[in-house]
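Please open the model in your viewer and keep the selection tool at hand. The stops below are given in the order in which to select them.

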Amino acid sequence: MRRTLVAGNWKMHGTLAENEALLTAILAGIGDAKAQVAVCAPYPYLAQIQGKLTGTALAWGAQNLSQYGKGAYTGEVSASMLNDFGCKYVIVGHSERRALYGESDELVAEKYAAAQAAGLTPILCVGETLAEREGNVTEQVVGRQIDAVLNKCGVSSLAKAVIAYEPVWAIGTGVTASPEQAQAVHAFIRGKIRALDSAVADSLIIQYGGSVKAANAAVLFSQPDIDGGLIGGAALNAEEFLAICKVG
Ligand code: PEP
């Protein structure tokens, strides 16, 4: 059976009170969700989320981690610290981290490896900018981002990972990739993995992210190689998020 994952990326949003209200509303409505569901929250709220979601159908995770295990890295958070707060997932290589914090493909691969070494499931974000799409290099860019992880960790590592295809031009813009555009890149990703290991390719969850809403989730998630979504803005609204989870 096809597995799907809908994960909310809260980015730098939320307060204790807002999170409490959002999670209460999501828990009240999540019963018949088809997808596995997770929320990825800012670090300071992970304890709150662990307290609220332990024993429920919702998983949770973080949005970033250090590539290092411990030491003199002021301001950083390690994979084992995320484990202490019950995280199952951690986003690595989100385009905002690549663009705003200069995270290279190699650094993202190190973070992916650090997450897996601690038993966390990395959600590896890949995707092209608008200029790259218009320059017809989408597959080269996405292929290069995935190769960095394959070179460091091997194809078998993808048995314990999720890939999120997030075209940069669709994130937070309200412009969604068409189902055909998204499916084409998802098929490229799965085909690339299938050439190395067909069992890993078949079971790999490849999420789509980029302005997913309740109104467009069904058509996106019905594409053969789209296995749910990584949801930004719509994950902050319980009604929208629940509607997306019920599609997935
Ligand atoms: C994201 O944060 O990864 C994202 C896809 O955001 P949005 O859904 O708001 O485009």
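Start with the lining of the second largest pocket, whose residues divide into 8 nonpolar, 5 polar and 3 charged (Ala, Val, Leu, Ile, Met, Phe, Trp, Tyr, Cys and Pro count as nonpolar, Asp, Glu, Lys and Arg as charged, and the others, Gly among them, as polar). Of the 16 residues that line this second largest pocket, select K88, T121, A159, K160 and A161, which lie nearest its centre. The model is predicted, with local features needing pLDDT of at least 70 and side-chain atom pairs counting only at pLDDT 80 or more, while totals for chains, interfaces and linings use all residues. Residues are numbered from 1 along each chain as its sequence is written, and side-chain values use heavy atoms, with hydrogens and water left out.

Next, move to the largest pocket, where the lining has 9 nonpolar, 4 polar and 3 charged residues by class. Helix α4, residues 95-100, gives the most to this lining, with 3 residues (helices are DSSP runs of H or I with at least four residues, strands are runs of E with at least two, and both are numbered from the N terminus).

Now select K11, which is found in the loop between β1 (5-9) and α1 (16-29), and which has a positive phi of about 50 degrees although it is not a glycine. Most residues other than glycine have a negative phi.

Finally, go to the loop between β7 (205-209) and α10 (214-221), where S211 is found. S211, also not a glycine, has a positive phi of about 60 degrees, and is buried, with a relative accessible area of 14% (buried means under 20%, exposed over 50%, and partly exposed in between, with a 1.4 Å probe and protein chains only).

Definitions and conventions: On a 1 Å grid over the protein atoms alone, a cavity is a set of points where a 1.4 Å probe fits but cannot get out, and a pocket is an open set with protein on both sides within 12 Å along at least five of seven lines; lining residues have an atom within 4 Å of a point.
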